[in-house]
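User: Hello! I am new to this structure and would like to learn how to read it. Could you take me through it step by step?

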Amino acid sequence: MRKELFQLRNLIQSDVKEYINFLLDPDVNVWLEDEVQNIKDFSNIENYLMYGWYRQAIEHEKKFIGVSGLDLVNKKNKVARFFIVIGKKDLWGKGIGSGVIKSIVNYGFKELQLRKINSDFLTPNEAVKIIHEKAGFQHEGFLRKDSYRNNIWIDREIVSIFADELNP
Ligand SMILES: CC(C)(COP(=O)(O)OP(=O)(O)OC[C@H]1O[C@@H](n2cnc3c(N)ncnc32)[C@H](O)[C@@H]1OP(=O)(O)O)[C@@H](O)C(=O)NCCC(=O)NCCS
């Protein structure tokens with residue numbers, strides 16, 4: 001029987017500490033939000049994780065390896081923003097991100113009745129760009145020189161998807 005690459009489940013309190021440890025790794029956090037570059041207040045991270053709009057823990061072989069989910073941006077317009085963090089670096093490049101994004105987006109359209117899902121990422125983050133393109137996200141534009149990393153200003157790419165654009 002073929003082993004599943006990943007499973008999704010609801011978050012539990014013990015995920016918070018592991019997630020914070022992932023975020024403290026510069027290889028993991030470099031292309032994430034400015035707020036997690038130098039975390040001072042861990043309670044913000046806990047709130048984001050445990051009380052966000054839609055969150056799923058990502059597991060590989062029954063071990064917690066990251067988090068993905070959606071934040072409601074505009075309730076009336078049914079628009080949410082996607083995010084994903086896989087903290088176990090040795091599992092990058094194996095297709096987990098590509099599978100998770102499709103699962104979360106599919107749930108967003110089918111179960112959460114979203115009309116549109118937005119996402120954004122810093123442009124040097126090739127892997128995240130690829131998983132969005134493979135899922136069917138379309139390019140909307142750039143926020144130029146949006147974030148400062150490794151002594152240079154970096155553009156942020158904005159992408160989005162509608163239900164009929166999601167690849168199987
Ligand atoms: C971004 C992330 C979710 C991708 O997950 P993943 O499981 O590694 O993704 P996948 O293995 O499904 O796909 C990654 C693709 O990018 C490619 N890739 C990875 N690193 C790359 C690089 N530096 N340059 C070019 N391509 C790269 C892989 O070959 C793969 O392509 P393929 O599907 O054509 O084989 C994961 O790396 C991660 O969580 N990183 C840290 C947090 C982060 O950056 N989150 C996103 C913030 S917006």
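**Reading the sheet**

Analyst: Gladly. Seven strands make up an open sheet with mixed pairing, in the order 1-2-3-4-5-7-6. Strands here are DSSP runs of E with at least two residues, helices are runs of H or I with at least four, and both are numbered from the N terminus. Two strands count as paired if DSSP finds at least two bridges between them. This is a predicted model, in which local features need pLDDT of at least 70 and side-chain atom pairs count only at pLDDT 80 or more, while totals for chains, interfaces and linings use all residues. Residues are numbered from 1 along each chain as its sequence is written.

User: Which strands stand at the edges?

Analyst: Strand 1 and strand 6 (138-149) do; each has a single partner strand, so one side of each lacks a neighbour in the sheet.

User: How do I read the pairing of two strands?

Analyst: In general, strands of a sheet pair through backbone hydrogen bonds, either parallel or antiparallel. Here strand 1 (residues 7-9) and strand 2 (residues 54-60) are antiparallel, with three bridges, and R9 stands opposite A57 in strand 2. Strand 2 also pairs with strand 3 (residues 63-74) in the antiparallel sense, over seven bridges. Q56 stands opposite S68 in strand 3, and the bridge partner of I58 is G66. The hairpin of strand 2 and strand 3 has two residues between the strands, and E61 takes a positive phi near 50° there.

User: At what angle do helix 4 and helix 5 pack?

Analyst: The angle is about 50°, and the axes are 9 Å apart. Axes are lines fitted to C-alpha atoms, for helices over the stretch in contact, and angles run from 0 to 180 degrees between N-to-C directions. Helix 4 and helix 5 are therefore oblique to each other; under 35 degrees counts as roughly parallel, over 145 as roughly antiparallel, 65 to 115 as roughly perpendicular and the rest as oblique.
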